[in-house]
Amino acid sequence: MRKLIFTMVLLVACSAAWAQHMTVATFNIRMKTDSDVGNLWDDRKTAVTDLIKFHEFEIFGVQEAFKEQLNDMSAELPHFKHVGVGRDDGGEKGEHSAIFYDTRRFDIGEHGTFWLSDTDINTPNKGWDAALPRICTWGIFTDKKTGNKFIFMNTHFDHVGVEARRESAKLILSKAQEFATDLPLILTGDFNIDEQNEAYFTLAKSGFVRDAYDLAEIVYEPNATFNSWGKSIRPKGRIDHIFITKPLNARKFGILTDTYLGKFPSDHFPVVAEIYWSN
């Protein structure tokens, strides 16, 4: 009888511990454009959502997602909702840095979007030497399994402006510190900076946010995160990142290289991490 009670207690403890884990990801899905001959969105959208379902993403940020693409993904991911606005008008126009979350596991509270800018973070504009308006979408989420609350931020840094990337990292860090005074934080995105870049160091060496890659017990890194539709696959180089704050930690980190019929779901590989609350 004692053995049975011990076993039951152990199972309950293990179940509670596992409930602390969640699967987080960042995925630049590549915008819908007719210029991607051979890699059109309508041909690859099912591959994108099938990948998400198979790897059981629970909450994730997307980049280069236009409204039509978000609608397509929502139709294939019925248990998910998303938040975020278009960078061009603060409504539906332009790229969204949206956050998708599984409603079976998470509730969302306050949320919003700000622009990466040196002049005005509340209305659409381009900051510093950026080629395009850039944004960060955020939300406060509650884990239904545990009651734990956390902040999730998702962004996409400019691909041209060196100053814009450097200053965007400072702004993101400042906003993260502002948001996460009482709650842990997850920051995802296509930062367009690799792990050797000055702007990356602003975040990773801040002593506040930590790179999930560095924390993970298991790392799956078959190649870099950008693939250019298979034309530029390098052995190393992460421009898509997942950062977290304490008490969050990472058990696994991976760059997912799934393909379909010899094609790529996007010109970026999604990055996934298994995150958990540590004591």
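Me: Hi! Which ring does Arg-238 lie over?
Reply: Arg-238 lies over the face of Tyr-213, and the distance to the ring centre is 3.7 Å. Keep in mind that this is a predicted model.

Me: Thanks. And what about Lys-205, which ring does its charged end sit over?
Reply: That would be Phe-201, with the charged end of Lys-205 placed 4.3 Å from the ring's centre.

Me: On to ring–ring contacts. How many aromatic pairs does the structure hold?
Reply: There are 16 aromatic pairs. One of them is Tyr-200 with Phe-243, a tilted pair with 6.0 Å centre to centre and 40° between the planes.

Me: Where do those two sit in the chain?
Reply: Tyr-200 belongs to helix 5 (residues 198-204) and Phe-243 to strand 11 (residues 240-244). They are 43 residues apart, and the pair links distant parts of the chain.

Me: Are Tyr-200 and Phe-243 buried or exposed?
Reply: Both Tyr-200 and Phe-243 are buried.

Me: Which residues do ring pairs link into a cluster?
Reply: The cluster is made up of Tyr-101, Phe-106, Phe-141, Phe-150, Phe-152 and Trp-277.

Me: Back to strand 11, then. How many of its residues are buried?
Reply: Five of its five residues are buried.

Me: Which strands does strand 11 pair with?
Reply: Strand 8 pairs with strand 11 in the antiparallel sense over five bridges. Strand 9 (residues 210-211) is also antiparallel to strand 11, with two bridges.

Me: What stands opposite Ile-244?
Reply: Arg-210 does. Ile-244 is also the bridge partner of Ile-186.

Me: Changing topic: what order do the seven strands of the open sheet take?
Reply: The order is 3-4-2-1-13-12-10, and the pairing is mixed. Strand 3 (80-83) and strand 10 (218-220) each have a single partner strand, so they stand at the edges with one side left without a neighbour in the sheet. On average, neighbouring strands of this sheet are turned by 20° against each other, direction ignored.

Me: How many bridges join strand 3 to strand 4?
Reply: Four, and the two strands run antiparallel. Among the residues involved, His-82 has Phe-100 in strand 4 as its bridge partner.

Me: Now helix 4. What span should its 18 residues have?
Reply: At 1.5 Å a residue, helix 4 (residues 162-179) should span 26 Å, and this agrees with its end C-alpha atoms, which are 26 Å apart.

Me: Which strands do its buried residues pack against?
Reply: They pack against strand 5 (106-115), strand 6 (135-143), strand 7 (149-156) and strand 8 (185-190), and against helix 5 too. The buried residues of helix 4 include Ala-164, Ser-168, Leu-171, Leu-173 and Phe-179. Arg-165, Glu-167 and Lys-175 are also buried there.

Me: Last one: why does Gly-61 count as buried?
Reply: Because its relative accessibility is 0%. Gly-61 is in strand 2 (residues 59-63).

Me: And what does Gly-61 touch, leaving out residues up to four places away in sequence?
Reply: Gly-61 touches Ala-25, Thr-26, Phe-27, Ala-98, Phe-152, Asn-154 and Thr-188. Among these, Phe-152 is also part of the ring cluster.

Conventions. Residues numbered from 1 in each chain as written. Predicted model: local features only at pLDDT ≥ 70, side-chain atom pairs only at ≥ 80, totals over all residues. Heavy atoms only, no water. Phe/Tyr/Trp six-rings, centres within 6.5 Å; stacked < 30°, edge-to-face > 60°. Buried < 20%, exposed > 50% of the residue type's maximum accessible area, 1.4 Å probe, protein only. Lys NZ or Arg CZ within 6 Å of the ring centre and 35° of its normal. Expected span 1.5 Å × (residues − 1). Contact = heavy atoms within 4.5 Å. Pairing = 2+ DSSP bridges. Axes fitted to C-alpha atoms, helices over the stretch in contact; angles between N-to-C directions.
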